[in-house]
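Hi,

Here is the structure I promised to pass on. Have a look at it, and then read my notes below.

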Amino acid sequence: MKLSNCSLAASVVVLSSSSAFASDVRLMFFRGGDAKAVVRNIDFSKGASDRERVAAILRALVAGPNSEEASSGFRSAFPAGTGVDRVEVSGNRAAITFGMDNPPPPADAARWDEIQAQVINTLSSSDPDLRDFHFNLHTRGRVVPLRDFLKIDRPAFPREGVARFIRPDSAPTGTLSGKRIAISPGHGWYFNTSLGWTTQRGDTNGLIEDFLTADICLHWLVPYLEKAGAHVIVARERDLNTREAIADNSGAGYAETGTWSDGSSAGGFKDDYRVSQTSPSGGSEAVWTIALPEPGTYRVSLWYLAGSNRVAGARFSVVHGGGEEAFTVNQRIDGATWAYLDPFFFGDTAVVKLSNLSAETGYVVADAVRFGGGKGSINRGGGVSGKPRWQEAARYFTQFAGAPASVYEGNGSGAADNSNDVVSRPLFANWAGADLFLSVHTNAFDGTATGTETFIYNGGATPGSDTLRRLVNSQIVGDIRGEWDPDWINRGEKSANFGEVREIQGMPAALTELAFHDGTDGVPDNEYLHNAKFKRLLGRAMYRAIAKYIDSGAPLITEPPEAVAIANSGPGALTVSWKAVSGAASYRVYVSADGKGFGPGIAESGTSHVLSNLAPGAAVFAKVTAVNDGGESFPSKTVAARVADARGWVPLLLVHAYDRIDSRVQIDENPGTWLVPHAAAAAAAGYFFDGATHDALGDASMLARYKAVDWIAGRESTTDETFSAAEQALVRSYLDGDGAMFVTGTEIAWDLGAKGTAADQAFLRDYLKAAYATDDAGTYSVEPVPGGIFEGVSPFSFDDGTHGTYNAPFPDTLSPQGSLPALQYAGGKGTAGVAYSGTFKLVYFGFPFETIYNDASAVEVMGRVLKFLIGDAPPEPDGGTADAADGGPTIDDGGDAGADAFLDAGSDVSFDDAQDGSYPSDASDAGPDAGRVCNEGASRCAGTDSVETCINGTWLGAAACGAGTFCSGGSCVPLPRDAGAAGEREGTPSEAPEGGEGGCGCTTIRR
């Protein structure tokens, strides 16, 4: 091996004389908590060996920053006076002895990790082949291996076995069932006696490692592991919800029935708890009922005192927004800490129950129940942090979670919090008796370094660690190269004496540096790490590596189902359908009454499922997962339908076309649920609908069933395409066939008009009836245009990111093209929405409808839109519509009622025999007979002054248009203001009035 004069970090070699040459070498120092590199010119003797050149580089490193650098805030973790006594280089191994008269104490784990990082990153920049780093100290007259110097005798925590939280009727098992997987998401807020509460790493171009690694772990890695069946132990809070509520047995909201008594041992939450002896017939129940800070998704966790006389199958249940879920909890182990169940959506109140029903002889323990993640509450002498608890360092969470001081102050109460933080992460895994430990970090050096590297302990790693390291590193690098960047750098499988892997007992352990968060200078790392899809790839890669370590032959979790739809398929029936997923053995369908709280999944072997006996008028929301022996996938996007009543009138299709997650749209901002507020508003406005993701649409004949389509584009933009060429063709064909559309999104005009091709601009002009005006209205407030279709609607606002939906920045301002302004941005900042009625009908907003956060405004706006596009609902033949509360979805136990409904059950997803505004013609008892003369729910003009509606296959219900209106396209619309005689109606005038004047913002202009 030869030491390279140029490297990943870029060194320039300059010939300086016949006897020596100079090399620009990058040395790693720090400024604040951030790694910073400086370039030094080092003279090497001509023909210098690898050992001599490594020694020269290290001598420059340990000398520290020069005076100018020091005055600029640069620092070194090496103590003053450090020397380089001995260097050995052999193959990819470097053994270095440092002379230190006053080395940092072993308890200063954070500083020792910094010292090693300086050496490893500096040498790796000059020679990427160096992988195995060993350090010795020459101190006080003797040489001591660093592994011995840093070794602290610690208690060995007993391995108590495995805790399993089981949803007996719901969650599938997977590759990791019965395994405890410990994850350390790295750093976090900590208390510094000089700086107060501060992060351990700084902000580099919008990334702070303390939060970045937690983001990757909590959004992706931990859920993947849980979906594979693992019991996951996280060294930091895992619930991202900063709201929190705790109900204790001694507090308000706790109630009992049957026989209970006080517990007699120490360790209960608030020092007390209640017990009940089990019985095969039950009879005793503890119930916690607690008011939550606000409706939302909260993860539930339990506190109880474990003991040998407890039962291994304590029966808990959680009552939430989607029903009630049962859990079996082993109360013999894992006591006096927060034991996590699942996250659930709750309204204003949450309920948890514990029964004494059990065939086991023993006791069940009722103590405390917690909802949410909360904010930091550990006072370190400078007050509490008050930061989201998931952002705090492990040192505080492990204390909050009930671990002993030997965990959260493993280096002693006198050690700095960041040093105790380093060791609290592995010690928490030891205390919990984990089966495997993975620490997740990102790296920093000089802004030019790039790639992935993974470490194990070099002082005697636990068995299996080298295999885990190889799998983690190769899976991350391989997945990035295969799906993201074929040139991604593999920095290799390395070993060092980092605190996290040093302190692990009895389990394989590895520490991975995913990428360089400071990689901004000619390398892509920082850019990639901003991207939510890249973070997903990293989380999935780490899960895959762990799953392969546990069982190399087991299948991996699949991707979520796509092309998902739900549609009316007969009286009281809806069919949910999706495209087959490669690798799936079966599926689960999750159903909700509000799109927030979902019940237990319904197992399904095929690619469609019929929900039957549904109440007319009920809105039903669904999502689908794929299942195999590896576990259960993430869910699909959420779709919705409203169950038709006796009229069979389903005029509207809701299309979820918002796929974007990237650097600007994180997964919290687009979790795939934004069809839900559209459905809620449409139902509240009295309209019936089906729902689908945009990839479930085949050709225009599928859309032709519906009188109107609501196209939900969210924040789609240039990268994801607001309307692809195929989607443009689909929409053109549908609208040319007398269709009607409601289109909303914040960057549609920007994508098609400002950045699009000539064809894109033509589509925007001719079919969305607008042109791009400006990129950003500079306001989140909207008001109706006088005389337009929203006249009389109160001004409203859409979300700036503080109102519970998502931030909708850069709302497009529009220039009407043959349409009329319908909404304008407050303060005269341009047109926000247009309306058009001619060969087709259209309403188009330059902002996303779902970000209208006031529910009343959303319903009123949706009602006006649908009235304009569809018209009023036909008369109710039975005098009323059943309320959604009259019943809920049930499983169709047999038969083939949905086989020909809406979407074909096969992998080639398509609508089947769709008819405008009615059920499919061949669905059981679905719609009028073959002799019908019109499509159910359709409307037409009866002359120029009245409208007829199709009811039971016959044109009925003629209704006269009011004064100042006339019939156009099956609806009564206002006369244009410049219309002349009464005869100038349908089909006229031939062009838009000047200045957008005319009626209520609608017109019968022909293209």
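What follows is a short tour of the salt bridges. Keep in mind that this is a predicted model.

Some background to start with: side chains of opposite charge can pair when their charged atoms come close. A search of the whole structure turned up 39 salt bridges, and here are some of them.

Start with Glu209, whose side chain meets that of Arg201 in a salt bridge, at 3.6 Å from N to O. Is Glu209 buried or exposed? Glu209 has a relative accessible area of 2%, and because buried means under 20%, Glu209 counts as buried.

Glu226 sits in helix α5 (residues 209-227), while Arg238 is in the loop between β14 (231-234) and β15 (244-248), so the pair ties together parts that are 12 residues apart in sequence. Glu226 is partly exposed, at 26% relative accessible area, whereas Arg238 is buried, at 10%.

Then there's Lys533, which forms a salt bridge with Asp720; here the closest N and O atoms are 3.5 Å apart. This pair links distant parts of the chain, 187 residues apart: Lys533 belongs to helix α12 (residues 532-550), and Asp720 to the loop between β41 (708-712) and α15 (725-736). Lys533 is partly exposed, with a relative accessible area of 34%, and Asp720 is partly exposed too, at 22%.

Cheers

Note on methods:
Residues numbered from 1 in each chain as written. Predicted model: local features only at pLDDT ≥ 70, side-chain atom pairs only at ≥ 80, totals over all residues. Heavy atoms only, no water. Salt bridge = Lys/Arg side-chain N within 4 Å of Asp/Glu carboxyl O. Buried < 20%, exposed > 50% of the residue type's maximum accessible area, 1.4 Å probe, protein only. Helix = DSSP H or I, 4+ residues; strand = E, 2+ residues; numbered from the N terminus.
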